[in-house]
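Thanks, everyone. Please have the structure up on your screens, and we'll walk through it together.

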Amino acid sequence: MYNITKTIGVGVVVVTLTVMACSKSPSVNANSSLFGNYDQTAMLNNIGNNVLMAGITTEATSATAAQAAISAFAATPNSATLTAAQTAWATMAQNWAIVAPIDFGPIQDNLIESDVDTWPATDSKIEAAITAGTPATAVGADTKGLKGLEYLLFDPTGNAAVLAKYTGTGAAGRAVFLNSVAQDMVTQTGNLQSDWKSSYLSSFESAKGNDVSSSVSQLVNTISLYLDQVKNMKIGNPIGMGVKINDNQPHPTLIEYTIAEESIPVMVANMQAMKAAFDGGSGQGLDDLLNYVKAQNNGQNLSTVVDNQFNDAITKLNAINPPYATAVSTQTAQLQAAFASIKTLIAYFKVDVANNLGVTITFTDTDGD
Amino acid sequence: MYVSGLYQNIINKLKEPVDAASLAFFRIVFGCVMLFSQVRFLLSGWVSLFYIKPTFFFKYYGFYWVKTLPGNLMYLPWIGMIIVLILIILGKYYRVAITLFFLLFSYTELLDITNYLNHYYLITLLSFIMIFLPMNAAFSLDARKYQQPAMVSRWTLTVLRLQVGLVYFFAGLSKIKYDWLIKAEPLKIWLGACQNIPVLGRFLAMPFTAYVFSWAGMLFDLTAVFFLLNKKTRPYEYAVIVLFHVMTLWLFYIGIFPLVMIGVALIFFSSAWHRRILEKCFSWLNKPVQAAQVFVFKKHQVAFTAFFSLYFVVQFIMPLRYLFYSGNVLWTEQGFRYAWNVMLMEKDGYIDFYVEDKITHERYIEYPKKYLTPLQERMMDTQPDMILQYAHFLGDKYAQRLHHPMMVFADDYVSLNQMAGQTYIDPKVDLFKETDSFAPKKWILTQTNK
């Protein structure tokens, strides 16, 4: 009789050793083979430094500038300081729009995205915090951040109403809370910047390949997900084509920035930021990697198709005339065109890009509404 | 005549008595693997995730009447299965226990197509077969009254081997496809994702490796049963089986399928080997004193012959039924399930629905995530019968709410094995009007990107 026990024994030992030797862990200097000789280092360095880190730095700088302008307004509330504070806030919101789509790493792990960008803000909670003298560090995400500042710095009826709140009764408490929210923004964006600088950028650059923890996978996933956010939350819900709100009716109260006129430029900035993360701006990006694996779509390079679709979506967004709250009822054709364009782009990402780069779309459900 | 002589030989061989230890061995291995699997299922929180939390369930064709139990009562089938599995392992009230297991397991499987897995289907089949076999004739509490070693007809062992062998064989046959052999897809994509594994990763991710694995996998599956039947090659083949399945487990995260196959393939070993192992570990199941009664399993032989002949004819037809449909089975998925199409494709999709009021012509967009879990959505994206079912669910919902006749359209974009994505379901076809059947689904668009 053959000695099967021995055979199995040897089999088990071999297998165990193999498994031990190969337990999955992100390796620092892995050689790419699906991606052949393609220089992932150059690509990830370029995206990491020139796109992502650059965006984060700009945002942190503008948060500091906004805090200074807001503090000046709080100290001396007048028409000029208010306008300056509003302008600085708008710049910060625009720059945040560049950072927000890249929702992985410290921005997510440390809940920065949530603290900075939860919307809508809850007005009653903000008023309650002002009355109670609670600082921004001790309130919920819907009581501060960019949308909290929007509520504190703008009024649907105009700037006179804002100034009245900072000069009349209870003005002092309001100014204190305003300052603390602006300061919190500086802290949050500063933390994001230092987290990236000190360690996350280098892990981003070294996470090569295309497994779940790789940077390529993170990028494809985060772009797919945020495109969904723009389409469903920022356009879909306001025109009644959202997940839960699909009555085809306008819902102007559901737009992103309900008081300040920032919704359209912020969406455009979102799209441009995702395009830059995809094509690496002027340097190496995922588009080059797609070219390397010869990804095709209808006889064209997939990279070109995706880039063109980004441009198409941006053009369609720019074709919407402000104010956005009115556009959602008067320019439904333009909004639906932008919606459809982004939808096509999502299909390219979730299906073609993911399939060609061997990336798994992880389907984190972050619909929110 | 030679043919009738051969036939007579086979019949005689199938009737010849063999040691019931083989059946007992299989019963205990099956019981243990399933016990592990069901306990794992419970502990992973999957009962709640798959069967309590979802608000919508994808039904199997012909089994629309199967319903979930309310709330936490849904845990009962698993508790029941764990109890009967212990009885199966011990061989106590075996016939009742295995029948209950078959019913409970099939019930949980029939609740949602989303969770269809080839190995679950195999478990259903094996537990069904085992209802009719004397798996408790030896090494069981039921058999303490019988003289040991108890003997059974060889055919009882053959049907189990045939069932296990069919899985390998058809899994191999299904790999003889252009994508698998010539393009080495989807292994090229999947192994590509393994490149960060230290030391071996870079070799695994090479396209060359994908070709080696594709061809070796095909040959391994096709030949497994023959090498297992041959006494000389059996131990080596089994070592390869263990290696092969552990590797798929490690590389592709495919749950307990590898464990099931490593377990059930042991049925090919000799009865003597089965007995040796059982006597070492399970002799306590047999009463030490000699019992007087002799185990006999000879009733209803004609009925059994007819029954298992029919059963295996069906088992041979099921994996080949895709030939009755035109187009690539991986694309249309007509005849894809119950056919041992294992790990054959990387298919990604993105779908939305539009529900249109036939009177006002207002079109409402419907996102799958509104009523589906991410897993259900992902499974539906690329599977036509699920898409159809969901379209009907939406149509009914709107018709009920708006009291108007409705139409439902799908907007689905799908890519298969690294080919450019394309529209999958005819966007002009009102799916609410279509019904599921075995007829070809004409609203699945032809695969143009190959």
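**A walk through the model**

By class, five nonpolar, three polar and one charged residues make up the lining of the second largest cavity. Before going on, a caution: this is a predicted model.

Let's stay with that cavity. The structure holds three cavities of 30 Å³ or more. Which residues line the second largest cavity? They are Ser37(B), Gln38(B), Phe41(B), Tyr51(B), Trp78(B), Phe105(B), Thr108(B), Glu109(B) and Tyr120(B). Two elements give two or more residues to this lining: helix H2 (21–43) and helix H5 (94–110) of chain B.

Now to the pockets. The second largest pocket holds about 1,000 Å³ of space. Its lining counts 41 residues. Nearest its centre lie Tyr60(B), Tyr61(B), Phe63(B), Met318(B) and Tyr338(B). By class, the lining divides into 24 nonpolar, nine polar and eight charged residues. Which helices of chain B supply at least two residues each? H5, helix H6 (118–131), helix H15 (301–317) and helix H18 (384–402). H6(B) gives the most, with five residues. Note that H5 of chain B turns up in the cavity lining and in the pocket lining.

Next, the sheet. Look at chain B. Four strands form an open sheet, in the order S4-S3-S5-S6, and the pairing is antiparallel. Strand S4 (363–366) and strand S6 (422–423) are at the edges. Each has a single partner strand, so one side of each lacks a neighbour in the sheet.

Let's follow S3 of chain B. Strand S3 (residues 347–357) runs antiparallel to strand S5 (residues 406–416), and 11 bridges join them. Two examples. Gly349(B) stands opposite Val414(B) in S5(B). Glu356(B) has Met407(B) as its bridge partner in S5(B).

S4(B) also pairs with S3(B). Here four bridges join the two strands, again antiparallel. Val355(B) stands opposite Tyr364(B) in S4(B). The hairpin of S3(B) and S4(B) has five residues between the strands. One of its features: His361(B) takes a positive phi near 60°.

Is S3(B) buried or exposed? Buried: 11 of its 11 residues are, so the strand is largely enclosed by the rest of the structure. Think about the two faces for a moment. In a regular strand, side chains alternate between the two faces of the sheet. In S3(B), both faces are covered. One side has Lys347(B), Gly349(B), Ile351(B), Phe353(B), Val355(B) and Asp357(B), all buried.

On to the aromatic rings. Over all chains, the count comes to 57 aromatic pairs. Take one from chain A. The ring centres of Phe278(A) and Phe349(A) are 5.6 Å apart. Their planes stand at 70°, and over 60 counts as edge-to-face, so this pair is edge-to-face. Where do the two residues lie? Phe278(A) is in helix H11 (residues 263–279) of chain A, and Phe349(A) is in helix H15 (residues 332–357) of chain A. The pair therefore ties together parts that are 71 residues apart in sequence. Phe278(A) is buried, at 0% relative accessibility. Phe349(A) is buried as well, with a relative accessible area of 0%.

Chain B has a cluster of rings. Ring pairs link Phe102(B), Phe128(B), Phe132(B), Trp155(B), Phe304(B), Phe307(B), Phe308(B), Tyr311(B) and Phe312(B).

Charges also sit over rings. In chain A, Arg174(A) lies over the face of Tyr166(A), 5.9 Å from the ring centre. In chain B, Lys92(B) puts its charged end over the ring of Tyr93(B), 5.0 Å from the centre.

One last stop, a lysine in chain A. Lys231(A) lies in helix H10 (residues 215–236). Lys231(A) counts as buried, at 0% relative accessibility. How far is its C-alpha atom from that of Asn301(A)? The two C-alpha atoms are separated by 25 Å, and the residues are 70 apart along the chain.

That's the tour. Over to you for discussion.

Key. Residues are numbered from 1 along each chain as its sequence is written. Chains are lettered from A and ligands numbered from 1 in the order in which they are written. This is a predicted model: local features need pLDDT of at least 70, side-chain atom pairs count only at pLDDT 80 or more; totals for chains, interfaces and linings use all residues. Side-chain values use heavy atoms; hydrogens and water are left out. Rings of Phe, Tyr and Trp (its six-membered ring) pair if their centres lie within 6.5 Å; planes under 30 degrees apart count as stacked, over 60 as edge-to-face and the rest as tilted. Buried means under 20% relative accessible area, exposed over 50%, partly exposed in between (1.4 Å probe, protein chains only). A charge sits over a ring if NZ of Lys or CZ of Arg is within 6 Å of the ring centre and within 35 degrees of the ring normal. Two strands pair if DSSP finds at least two bridges between them. On a 1 Å grid over the protein atoms alone, a cavity is a set of points where a 1.4 Å probe fits but cannot get out, and a pocket is an open set with protein on both sides within 12 Å along at least five of seven lines; lining residues have an atom within 4 Å of a point. Grid points are joined across faces, edges and corners, and a volume is the space filled by probe spheres set on the points. Ala, Val, Leu, Ile, Met, Phe, Trp, Tyr, Cys and Pro count as nonpolar, Asp, Glu, Lys and Arg as charged, and the others, Gly among them, as polar.
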